[in-house]
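Subject: Structure for your review

Dear colleague,

Please find below the structure I would like to hand over to you. My findings follow it, and I would be grateful if you read them with the structure open.

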Amino acid sequence: MSISFTTIVKDPEGIHARPAGQIVKEAQRFSSDITVTAAGSEADAKRIFAVMGLGVKTGDTLTVRVSGDDEEHAAKEFESFLRETL
């Protein structure tokens, strides 16, 4: 089973190096797999080059899928983090 949610990127510069690093650091706190999808491309949220490679811009919608042992806690915390950060 997995948990999914969406969020819209509000950062004026989209997801560049700094927010990508923050996303990876946050994702690595959890044992669950966390996948981020934007504009049809998918990335492992625990890999900085994968996240940066999505080329996410302001106004883009991110779909996040969390699956694993701590998925409920991870999804709640990661969603809150993204809404505050992006």
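Which exposed residues does the face of helix 3 turned away from its buried side carry? They are Glu72, Lys76 and Glu84. Please bear in mind throughout that this is a predicted model.

Helix 3

The buried residues of helix 3 are Glu71, Ala74, Ala75, Phe78, Phe81 and Leu82. Viewed down the helix axis, these buried residues fall within an arc of 140 degrees, so they line one face of the helix. The cover over them includes strand 1 (3-8), helix 1, strand 2 and strand 4. As a check on geometry, the 15 residues of helix 3 should span 21 Å at 1.5 Å a residue, and the C-alpha atoms at its ends lie 20 Å apart, which agrees.

The nonpolar core

The largest nonpolar core holds 25 residues. Those that touch the most other members are Ile15, Ile23, Ile34, Leu62, Val64, Phe78 and Leu82. Two or more residues come from each of helix 1 (17-27), strand 2 (33-38), strand 4 and helix 3. Helix 3 gives the most, with five residues. As general background, nonpolar side chains in soluble globular proteins tend to be buried together.

Setting aside neighbours within four places in sequence, leucine 62 is in contact with Phe5, Thr6, Thr7, Val9, Ile15, Val36, Thr37, Ala38, Val56 and Leu86.

Salt bridges

How many salt bridges does the model contain? The count comes to four, and I describe three of them here.

Aspartate 11 and arginine 18 meet through their side chains, with an N to O distance of 3.8 Å. Aspartate 11 is buried, at 11% relative accessible area, whereas arginine 18 is partly exposed, at 48%.

Glutamate 42 and arginine 65 form another salt bridge, and their closest N and O atoms are 3.8 Å apart. Glutamate 42 belongs to strand 3 (residues 41-44) and arginine 65 to strand 4, so the pair ties together parts that are 23 residues apart in sequence. Glutamate 42 counts as exposed, with 52% relative accessibility, while arginine 65 is partly exposed, with 34%.

Arginine 83 is bridged to glutamate 79, with 2.6 Å between the closest N and O atoms. Both residues are in helix 3, and being four residues apart they are separated by about one helical turn. Arginine 83 is partly exposed, with a relative accessible area of 43%, and glutamate 79 also counts as partly exposed, at 23% relative accessibility.

Aspartate 70

Where is aspartate 70 placed? Its place is in the loop between strand 4 (61-67) and helix 3 (71-85). Aspartate 70 is buried yet has no salt bridge. Why is there none? A salt bridge requires a side-chain nitrogen of Lys or Arg within 4 Å of a carboxyl oxygen, and the nearest side chain of opposite charge to aspartate 70, that of lysine 46, is 6.9 Å away. Not counting residues up to four places away in sequence, aspartate 70 touches Phe30, Ser31 and Ser32.

Yours sincerely

Terms used: Residues numbered from 1 in each chain as written. Predicted model: local features only at pLDDT ≥ 70, side-chain atom pairs only at ≥ 80, totals over all residues. Heavy atoms only, no water. Buried < 20%, exposed > 50% of the residue type's maximum accessible area, 1.4 Å probe, protein only. Lys, Arg positive; Asp, Glu negative; His and termini not counted. Contact = heavy atoms within 4.5 Å. Core = buried A, V, L, I, M, F, W, Y, C linked by side-chain atoms within 4.5 Å. Expected span 1.5 Å × (residues − 1). Arc of directions from axis to C-beta.
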